[in-house]
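Subject: Handover of a structure, with notes

Dear colleague,

I am passing on the structure below, and I would be grateful if you could read it alongside the notes that come after it.

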Amino acid sequence: TVATVSVAPLSSQVGFEHSTYSFAQDSGQAIFQVSRTNWEGVLTVPYTVSAGPVVYGQGFADPRIGSITFAPGETTKAIAVPILDDGQYQPDATFTVTLGTPTSGTADFSVQTATATITSVHAPAQFQFSSSAYQVSEYGSFVSLTVTRSGNLAAAVSVDCSTSDHTAISTGLTPDYYSAFDPLDFAPGETSKIVQVYVTPNSNR
C-alpha cells in the first residue's frame, strides 16, 4: 500500500508592520517597515504615496511612487517618505502608502495600506491688539492700532484685519471713518505691526 502525501506550499505574504503610523512634523522623514514571509527569492514590490488633507509645508516630498526589492533571504525593507517642515503650526495631516502587485516574485498582502498622520510640533502664533480701547479726535486724523505677535515667530505670516460698525459707521455719504485695510504681513521674527484707521473730520457729518 502506498500513501501519497501532498504538501501545500506556504503562502508568501508581504505587508506593512502596522496599518497606522504617526510622525512629528520636524522628524524629517516617515519610515515604514515592510516585511515578508515564506518567500526566499527576489521580490520587488511597488508602492504609491497618496495625500489626504495634507497642507502646504507640512506634506510629504517626492517620491510619490517607488519600489522596494527584497534580496534572496531578506525579510524586511523600509520605505522612507521625506516630510516637509515650514516651521509653522499646522493642523494634523494624513497620507497613505499603498503596496502594489509585485513585479517580481509572488506574494499575498498582509497589510497593504498604511495611513500616516503628521502631527505639528510648533505652537501657533498669537495675535492681539496692544490695547482693547483707543481714543481719537473727531477733527480728522488717524488712529494707530498696534497688533502684536507672540508664540511662533519663525516664519512669515499674513493676518487680515476688519472693522465692525457700532455708533461710528464706515458707510454712506458721510462716514465716520474709513475701513480699507491691507493684510498685515509679518516677516520672520517680527512682533508688531501698525494698523491705521482714518477718522473723518466732524464737520463732514
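This is a predicted model: local features need pLDDT of at least 70, side-chain atom pairs count only at pLDDT 80 or more; totals for chains, interfaces and linings use all residues.

Residues are numbered from 1 along each chain as its sequence is written, and side-chain values use heavy atoms, with hydrogens and water left out.

Overall make-up

The protein has 15 strands and zero helices, where helices (H or I, at least four residues) and strands (E, at least two) are DSSP runs, numbered from the N terminus. Of its 205 residues, 28% are buried; here buried means under 20% relative accessible area, exposed means over 50%, and partly exposed lies in between, with a 1.4 Å probe and protein chains only. Among the contacts with a separation of 6 or more, 68% are between residues 24 or more positions apart, a contact being heavy atoms within 4.5 Å.

The sheet

Five strands make up an open sheet with mixed pairing, in the order β2-β9-β7-β4-β5, and two strands are taken to pair if DSSP finds at least two bridges between them. Because β2 and β5 stand at the edges with a single partner strand each, one side of each is left without a neighbour in the sheet. On average, neighbouring strands of this sheet are turned by 25° against each other, direction ignored; the axes are lines fitted to C-alpha atoms (for helices over the stretch in contact), and angles run from 0 to 180 degrees between N-to-C directions. The pairing of β4 with β5 is antiparallel and runs over six bridges, and Val 45 has Ile 68 in β5 as its bridge partner.

The nonpolar cores

A nonpolar core is understood here as a set of buried Ala, Val, Leu, Ile, Met, Phe, Trp, Tyr and Cys residues joined through side-chain atoms within 4.5 Å. In soluble globular proteins, nonpolar side chains tend to be buried together. The largest nonpolar core holds 23 residues, and those with the most contacts inside it are Phe 16, Phe 32, Val 34, Ile 79, Val 81, Phe 95 and Val 97. At least two residues of this core come from each of several strands, including β1 (13-16), β3 (29-37), β6 (76-82) and β7 (93-99), and β4 gives the most to this core, with four residues. Leaving out residues up to four places away in sequence, Phe 32 touches a set that includes Phe 16, Tyr 21, Phe 23, Ile 79, Phe 95 and Ala 116. Apart from this core lies another, of ten residues, among them Val 143, Val 147, Val 159 and Phe 186.

Salt bridges

With a salt bridge taken as a side-chain nitrogen of Lys or Arg within 4 Å of a carboxyl oxygen of Asp or Glu, the count comes to two salt bridges. One joins the side chains of Glu 74 and Lys 77 at 3.6 Å, N to O; Glu 74 is partly exposed because its relative accessibility is 26%, and Lys 77 is likewise partly exposed, at 23%. In the other, the closest N and O atoms of Glu 190 and Lys 193 are 3.3 Å apart, and these residues are also partly exposed, Glu 190 at 24% and Lys 193 at 23%.

Which strand holds Gln 196? Gln 196 is found in β15 (residues 192-201) and is partly exposed, with a relative accessible area of 47%.

Gln 25 lies in the loop between β2 and β3, is buried at a relative accessible area of 0%, and has a side-chain polar contact with the side chain of Asp 85 (3.1 Å). Gln 33, placed in strand β3, is partly exposed at 30% relative accessibility.

Kind regards

Technical notes. A polar contact is a pair of N or O atoms within 3.5 Å; within protein, one must be able to donate a hydrogen and the other to accept it, and residues adjacent in sequence count only if both atoms are side-chain atoms.
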